[in-house]
Amino acid sequence: MAQEQKQPRKSSQEESATEEVVETDVAERKEMIDEDVDAILDEIDEVLETNAEDFVKSFIQKGGE
Amino acid sequence: MSVRRVMGTEVEYGISVQGQPSANPMVASSQIVNAYASSTARARRARWDFEEESPLRDARGFDMARQIADPSQLTDEDLGLANVILTNGARLYVDHAHPEYSSPEVTTPLDVVRWEKAGEQVMLDASRMAAQVPGSTPILLYKNNTDNKGASYGAHENYLMRRSTQFAEIVRHLTPFFVSRQVVTGAGRVGIGQDGRDTTADRGFQISQRSDYFEVEVGLETTLKRPIINTRDEPHADPAVYRRLHVILGDANLAEVSIYLKSGTTALVLAMIEDGFIDRDLSVEGAVKSLRDVSHDPTLRHLVTLRDGRRLTAVQLQLEYLDLARKYVEDRYGSDADDQTVDVLARWESVLTRLERDPMECATELDWVAKLKLLQQYRDRDGLGWDDAKLHLIDLQYADVRPDKGLYHRLAAAGRIERLLDDATIEAAMHDPPVDTRAYFRGRCLDKYADSVAAASWDSVIFDLPGRESLQRVPTIDPLRGTRAHVGELIDRCDTAQALVAAITR
């Protein structure tokens, strides 16, 4: 307990300011990640075979080895 | 030994003729192999020598000029001949209903990666060449292991081991390792059960392509009742000294780190078994069921029960082997351990640590995590259930060998998957053999004396020389002879096969 008291206490103003910065960071990062994900999914959408159901159904293999 | 060992891999590729699901896969596979063979072989094609012990005269049977026949005219017997040796020392052929690339013998995990990835490029080139034949329909190739309808095909690993090692010790110490290594080496699969139809409890994704197809712990089979430990014993080397451990349960990996760690960590465990270093019993209860249960839980929380009663996750089981391997390498080599051994240990530890924390941290290194991440992104964006055909398509297309269509290749090109080798290094390995095994002799002979090589196999090269009545067979029974250090200068010096054979037999 004594140790805790030695910690410099932030004013409540400082604390809320810090929290805001953190929140903005997270939001920005999430936005960047979302954009990033959208970009890769858009790219993959373009190369995916059309008519997924038929394509998957027609991939029939014989066993090997 | 360390991670260094004579090793090689064999990959059977999934094959489909675009728009023709009922096309004969043996014919299509033959078209792939023949297309590559006829456009790369400058002269006649050397045959695979099946009968290493037969009299030389018999070998003449393989020495027939083969026409590229209309595929519809090919009988099964003819199709069996689609079987060639490449200048990089590899074998490209039709195995059952799939084109297969067997890598040349190499001695390091990174070379396993290099010559296996070269095989992917060989398949890509082969499919492009086959497509140039007038009237042909494009043939698509996939480096995967199942059609999700009950059929599975293999990606096998081979490790040369000391004959003196008791097989029971191999089974005892390797089985728990194999049950758990899929958390590193899995290729990921949409679908549960052999036919992919088990959709209970909304489990749609599993770690391994292969785990659902294994039914027994030990056995000789590879196509039914598949065993976790395969007992096939064809060393292609002196059987008094060596055994070849044939590993059939692995997935076909595209991610280089997955391939690297698969061969590197397995080689380390084999070294410890050979040296009797493993002092703890990690045997698991119900290995076959555990193999599946681990695969079915991509959260990696499933607990495997050990015979001693402990319950560990697959990652924790792998950490036991890592701990042993660290001690083993320290004990045997200390600070003299070679670079790749040190690197494999460091990467193995790094991957396991992150898998334990959050598997998604390995999305740039491991196939199954990269695939799962992509699938999850699609599920999140489009609200797809695991039975949605689009997710099955993503699973399949991840393994497409074409750089423009294959999703692995798209992710790698976008820098989302880590590479260990550059394209030029892999492309060179399509043509150049490894320099430190007998594959060097085989490959150089095929390259330099193509006209005079009648047949070849892992353990021989057979020459047909002008003026000689019989074929001349040069045995290559020791995988570590016939290297560049042994024969490089000799081959450089000999302009003809006659000169080479004369020099060898003098």
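# Exercises on a predicted two-chain model

The contact between the chains takes 32 residues from chain B and 20 residues from chain A, where two residues are in contact if their C-beta atoms, placed from the backbone, lie within 7 Å. This is a predicted model, in which local features need pLDDT of at least 70 and side-chain atom pairs count only at pLDDT 80 or more, while totals for chains, interfaces and linings use all residues. Residues are numbered from 1 along each chain as its sequence is written, and chains are lettered from A and ligands numbered from 1 in the order in which they are written.

## Exercise 1: The chain contact

Task: Find which element gives the largest share of the side of chain B that touches chain A.

Solution: 
- Step 1. Start with the elements of chain B that give two or more residues to this side: β2 (14–17), α10 (367–382), α11 (389–398) and α12 (407–413). Helices (H or I, at least four residues) and strands (E, at least two) are DSSP runs, numbered from the N terminus.
- Step 2. The largest share, six residues, comes from α11(B).
- Step 3. Now look at the classes: this side of chain B has 12 nonpolar, 11 polar and nine charged residues. Here Ala, Val, Leu, Ile, Met, Phe, Trp, Tyr, Cys and Pro count as nonpolar, Asp, Glu, Lys and Arg as charged, and the others, Gly among them, as polar.

## Exercise 2: A strand with two partners

Task: Work out which strands pair with β16(B), and in which sense.

Solution: 
- Step 1. Two strands pair if DSSP finds at least two bridges between them.
- Step 2. Strand β3 (residues 47–48) of chain B pairs with β16(B) in the parallel sense over two bridges. Within this pairing, Arg47(B) stands opposite Ala455(B).
- Step 3. Strand β17 (residues 460–463) of chain B runs antiparallel to β16(B), joined by four bridges. Val453(B) has Phe463(B) as its bridge partner in β17(B), and a hairpin links β16(B) to β17(B) through two residues.
- Step 4. Is β16(B) enclosed or open? Five of the five residues of this strand (residues 453–457) are buried, so β16(B) is largely enclosed by the rest of the structure. A residue is buried if 20 or more other C-beta atoms lie within 10 Å of its own, exposed if 12 or fewer, and partly exposed in between; C-beta atoms are placed from the backbone.

## Exercise 3: Domains of chain B

Task: Say how many residues of domain 1 of chain B are in contact with domain 2 of chain B.

Solution: 
- Step 1. Domain 1 covers 158–398 and domain 2 covers 439–505 of chain B; domain bounds come from an automatic or database domain assignment.
- Step 2. The C-alpha centres of these two domains of chain B lie 38 Å apart.
- Step 3. Four residues of domain 1 of chain B are in contact with five residues of domain 2 of chain B.
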